[in-house]
Amino acid sequence: MPRNLISVEKFSKSFDEVLVKEVSLGVAEGQRIGIVGRNGGGKSTLLKILAGVDSPDSGRITRANWARIGILQQADSSSPGSVRDFVVGSKKTHEWASDAGVREIFAGLFGGFSSEILDRAYNSLSGGEKRRVGLAKLLIEPLDLILLDEPTNHLDIEGVAWLAKHLRKRRELAVLVVTHDRWFLDEIADEIWEVVGGEVLTYEGGYSAYVLSKAERARQQAAEDARRNNLIRKELAWLRRGAPARTSKPKFRVDAANQLIATEPPPRDTSELLNFAANRLGNMVLEIHHAKLTIGENTLIDSLNWNIAPGDRIGIIGFNGSGKTTLMRALASEYRFAAGKMQVGVTVKRAFLSQHLEELDPSWRVLEAVERVALHVELGGGRELTASQLCERLGFDFGGQQRMIRDLSGGEKRRLQLTRLLMTSPNVLLLDEPTNDFDVETLAALEDLLDSFAGVLIVISHDRYFLERTCDRFFGLLGDEELRDLPRGIDEYLERRDDFFAKQVVVEKKSISGAAQERLVKKEIARLEKQLEKLVAEEVELRKAEADSALDYEALVEIGKKLQEVVSRREKLESEWLELSEQITR
């Protein structure tokens, strides 16, 4: 029976408005909980209260005195010393480097553990780099519960996939995570908490299960207004048709929920949009011939031949630094190809949402800033929205439309930038990380809006769910100076990247002479043998302690956990030792 790590009884918290009121809940060993809700609704506050960083206005929070708890917050921290000092403290290199788990974490989050990475001054890092370092520290420490506030921000698709895989392996570790990354939630969460209207509503399963449960709850209680129900039904249609594997987690009766979408059309009418896009764009959109893309002396793409046609909905995937944004800027004619040419159709009207926020007059109100672009936007098929209606679709209600720009958060300014961009009625939409700082509800509304966009859509995003939801074709930058067509999407990209790394390792090994290679292997074997001697001695001591504590249940549990860890590490090292020994005897 899992023990409780944190228990909460009737706690409340308010700032300008009530965030949570008389909420009772708990977190047990090994539990995996995702927290969703609108921005500003209290998700981060709830996380900080559970961690003891903040205090409730009323109620009681009980934390097990034996529980080791860590938190990753969004705010930048400060610390003297290097990355090494922050993550591993005063440990000698051989102490932490001999741990395969630590090496895996460094490789997954930083791409390695070279001195160049570890000797950097912590306070010189960017906000995103500090969050990676903070995440590494949490994953390395022997904790029982980690609370993560937007851990996937600043991670590329590979980084998010690695983190999900790493957390799935560590089932003994309890995780509470606030994130808008719905793919990540589906991968790691066993339960969803929705912070809404002062309550914390609980749902079994990951994000897909949450959507289905929410629809079922709405059907039974008739508690949602028509617009919210339509959005949920549309997303259900996507889950059923576009990603059926994700619906395997729900532990409730889904037949009733499926009645909601029995007659629901696909999320978008592809043929209708394609016809309308062809009418708006003609036969040619962007044609690229023998183009070379460089930054300084670095070649990103050597020879690119690419035809982007009317109605294409394309996701561009690549690791951080692979050249995604540079390619997008070239497509927007904000950056020149070093060679080759790009032909642009006569009727093409491009709009580019970059990662940099547009400077707007801080004294303007939100609606004024949008109406200065246009009063109406045409969606296609005779459909149009007013500036106010588009603002509402992207999360600015009547009160939000009257707010001054100077009072907006970074995420709200991002939404305003996107709203103004859509008001220009482009027929080619280039979006570079459009989902940064958006909550789940706003993301669903944006996806719904893009479903009716009759033009070319090209997207860069680390949000895998958003990419798969809005795009039909995928192209990847793998680091080999080519833009690869990926018929199987993101899964194919991750597989190709693994193959790319494996080939690099083989090349590096072949570049070392046979004698030098044998010396390195023997040195590694000697290191493993020393570690194995220590682990065997530690195992003997633990088995002795286990026998001496036969009548002490709590001590037995603690010793058993340590013993299991030691045995697991010993078996892993023995396997490595055998593999290396085989290389010497060949």
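Contact here means heavy atoms within 4.5 Å. With that in hand, let us walk through this predicted model.

The model is read with local features taken at pLDDT of at least 70 and side-chain atom pairs at pLDDT 80 or more, while totals for chains, interfaces and linings use all residues. Residues are numbered from 1 along each chain as its sequence is written, and side-chain values use heavy atoms, with hydrogens and water left out.

Helices (H or I, at least four residues) and strands (E, at least two) are DSSP runs, numbered from the N terminus. Lys13 sits in strand β1, which covers residues 4-14. Is this lysine buried or exposed? Its relative accessible area is 7%, so Lys13 is buried; the cut-offs are under 20% for buried and over 50% for exposed, with partly exposed in between (1.4 Å probe, protein chains only). Beyond residues up to four places away in sequence, Lys13 touches Val18, Leu19, Val20, Thr45, Ile49, Asp54, Ser55, Pro56 and Asp57.

Among these partners, Thr45 and Ile49 belong to helix α1 (residues 43-51), where both are buried along with Lys43, Leu46, Leu47 and Leu50. Just after α1 comes Gly52, with a positive phi of about 90 degrees.

Most residues other than glycine have a negative phi. Glu22 is exposed, at 55% relative accessible area, and His290 counts as exposed at 54% relative accessibility.

## The sheet that holds β10

Strands of a sheet pair through backbone hydrogen bonds, either parallel or antiparallel. Strand β10 belongs to an open sheet of 3 strands in the order β11-β10-β13, with antiparallel pairing; two strands pair if DSSP finds at least two bridges between them. Which strands stand at the edges? They are β11 (298-308) and β13 (339-344), each with a single partner strand, so one side of each has no neighbour in the sheet. On average, neighbouring strands of this sheet are turned by 25 degrees against each other, direction ignored.

The antiparallel strands β10 (residues 286-295) and β11 are joined by 7 bridges. Thr294 has Thr299 in β11 as its bridge partner.

## How α4 packs on α6 and α7

Helix α4 (residues 100-110) has its axis within 10 Å of that of α6 (residues 127-140), and the axes of α4 and α7 also come within 10 Å. Axes are lines fitted to C-alpha atoms, for helices over the stretch in contact, and angles run from 0 to 180 degrees between N-to-C directions.

| Helix pair | Crossing angle | Residues in contact by class |
|---|---|---|
| α4 and α6 | roughly 160 degrees | 10 nonpolar, no polar, 1 charged |
| α4 and α7 | roughly 155 degrees | 3 nonpolar, 2 polar, 2 charged |

In this scheme Ala, Val, Leu, Ile, Met, Phe, Trp, Tyr, Cys and Pro count as nonpolar, Asp, Glu, Lys and Arg as charged, and the others, Gly among them, as polar.

With its angle, α4 is roughly antiparallel to α6, and α4 is roughly antiparallel to α7 as well; angles over 145 degrees count as roughly antiparallel. On the α6 side, Val102, Ile105, Phe106, Leu109 and Phe110 of α4 meet Arg132, Val133, Leu135, Ala136, Leu139 and Ile140. Towards α7, Glu104, Ile105, Gly108 and Leu109 of α4 meet Trp162, His166 and Lys169.

Setting aside residues up to four places away in sequence, Ala161 touches Trp183 and Leu494.

Asn153 is found in the loop between β6 (145-149) and α7 (157-169), and counts as buried at 14% relative accessibility. Which residues is Asn153 in contact with, leaving aside its neighbours within four places in sequence? They are His180, Asp437 and His462. Asn153 and His462 are 309 residues apart in sequence, yet 8.3 Å apart in space, C-alpha to C-alpha.

How values were computed. Angles under 35 degrees count as roughly parallel, over 145 as roughly antiparallel, 65 to 115 as roughly perpendicular and the rest as oblique.
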